[in-house]
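Please examine the following model with its sequence at hand.

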Amino acid sequence: MIDIGRGQDQPQRALCVDDEPSTLSLVSRLLEQMDLVVTTADGPHKALQLFEPDRFDLIITDIQMPGMNGHDFLAAIRERDPHIPVIVATGHASLDNAIRALRDGASGMLIKPFAVSEFRAEVTNALERARSRHEAIQYRFVTPILDGVALALSAAIEARDIETGAHCVQLGTFGERVARLLGLSEQERTTIRIGGYLHDVGKIAIADRILLKPGPLTPEEFAEMQRHAAIGGDIVQTHEAMTDIARIVRHHHERFDGTGYPDRLVGLDIPLGARIIAVADAFSAMTSNRVYRAAIPVEAAWAELRKYAGTQFDSAIVELFEQAVDIGGLEAREAAAAAQPVGQSTTSARRSG
């Protein structure tokens with residue numbers, strides 16, 4: 001995931017607040033053993049002077065402290081940052097204390113004296129929750145940028161082959177709809193949408209004489225066309241944040257029975273996003289006019305998907321696809337356009353490129 005703040009190799013940082021020097025020293029040492037950078041404060045007022053949103057990943061604070069108790073300190077922190085994880089460590093344990101701390105927004109509680117294993121588990125859980133939230137925020141920030149870049153690359157493809165460019169945008173839409181039916185997260189849906197936009201980006205490296213050839217490809221030309229999947233994966237894999245998108249691009253021509261390319265992955269070893277885009281790709285390609293053949297009817301394309309469910313395609317994805325795509329609407333538009341000439345009519349078999 002792209003970190004729009006600190007670099008990914010920078011350690012996480014904690015602010016420890018306690019008026020007992022021995023406790024402050026112990027907590028600091030334990031956190032440093034977990035590879036955190038630690039800042040200490042001997043009271044809430046000093047801690048508030050040190051605190052800035054996004055400066056720390058975690059706060060550990062005592063409850064009973066002079067000048068301001070931990071509850072008031074926690075409330076003051078929450079005014080500045082509603083989401084930073086705060087672990088309350090106290091020797092004054094009671095049900096009322098625990099309930100109040102949680103109500104004030106504490107992420108967890110440690111009872112003094114605590115075991116090292118308890119401390120590490122509580123810190124690890126708090127940081128993991130914070131990391132997940134941080135990544136979600138980053139993804140929402142970065143998504144418009146990724147969308148823009150992906151659509152720009154699709155436009156670059158479209159500059160060479162106008163049908164392929166529009167096809168890329170359609171795949172992103174179809175793929176995201178299937179992902180939504182599967183109940184996937186916002187991040188996963190976005191990954192699949194952008195994977196659809198970029199699935200054919202490797203065709204930038206394929207010669208026009210092959211990409212735009214109006215007739216069947218020779219075996220040698222077909223082998224060259226197949227290279228676009230691996231090339232596209234390499235193009236997209238420029239940052240670890242793009243890994244899942246790159247896997248969709250690389251593997252969208254794998255077949256469920258293991259006879260696809262480039263890596264002959266089988267069944268569920270094929271990334272979910274690639275299995276989704278494979279179905280959307282086939283349907284979109286079959287129902288679109290191409291330089292090497294005319295579109296086939298929507299119902300015929302749908303019959304092809306059913307025919308090859310379980311061999312070429314994941315049958316579960318095929319079942320969901322009809323729900324995700326307005327087949328009836330497509331058939332209506334198809335009927336309205338039926339009177340218009342569509343160019344040459346050849347075979348319904350699509351080029352696997």
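Which residues do ring pairs link into a cluster? Ring pairs join Phe174, Phe283, Trp302 and Phe321 in this way. The model is predicted, so local features require pLDDT of at least 70 and side-chain atom pairs count only at pLDDT 80 or more, while totals for chains, interfaces and linings use all residues. Residues are numbered from 1 along each chain as its sequence is written, and side-chain values use heavy atoms, with hydrogens and water left out.

Rings of Phe, Tyr and Trp (for Trp, the six-membered ring) are paired if their centres lie within 6.5 Å; planes under 30 degrees apart count as stacked, over 60 as edge-to-face and the rest as tilted. Six aromatic pairs are found by this rule. Helices (H or I, at least four residues) and strands (E, at least two) are DSSP runs, numbered from the N terminus.

Phenylalanine 174 is buried, at a relative accessible area of 5%, and phenylalanine 321 is buried at 0%. Buried denotes under 20% relative accessible area, exposed over 50%, and partly exposed in between (1.4 Å probe, protein chains only). Phenylalanine 321 also forms an edge-to-face pair with phenylalanine 283, at 5.2 Å centre to centre and 65 degrees between the planes. That pair links distant parts of the chain, with phenylalanine 283 in helix α11 (residues 272-286) and phenylalanine 321 in helix α13, 38 residues apart. Phenylalanine 283 has 1% relative accessibility and counts as buried.

Helix α11 also contains valine 279, which is buried with a relative accessible area of 0%. Apart from neighbours within four places in sequence, valine 279 is in contact (heavy atoms within 4.5 Å) with Leu305, Phe313, Ile317, Val318 and Phe321. The C-alpha atoms of valine 279 and leucine 171 are separated by 9.3 Å, although these residues are 108 residues apart along the chain.

Attention now turns to the strands. In a regular strand the side chains alternate between the two faces of the sheet. Strand β3 (residues 58-61) is covered on both faces: Leu58 and Ile60 on one side, and Ile59 and Thr61 on the other, are all buried. Strand β1 (residues 13-17) pairs with β3 in the parallel sense over four bridges, pairing being assigned if DSSP finds at least two bridges between two strands. Alanine 14 stands opposite leucine 58 in β3. Strand β4 (residues 86-90) runs parallel to β3 and is joined to β3 by three bridges. Valine 88 in β4 is the bridge partner of threonine 61.
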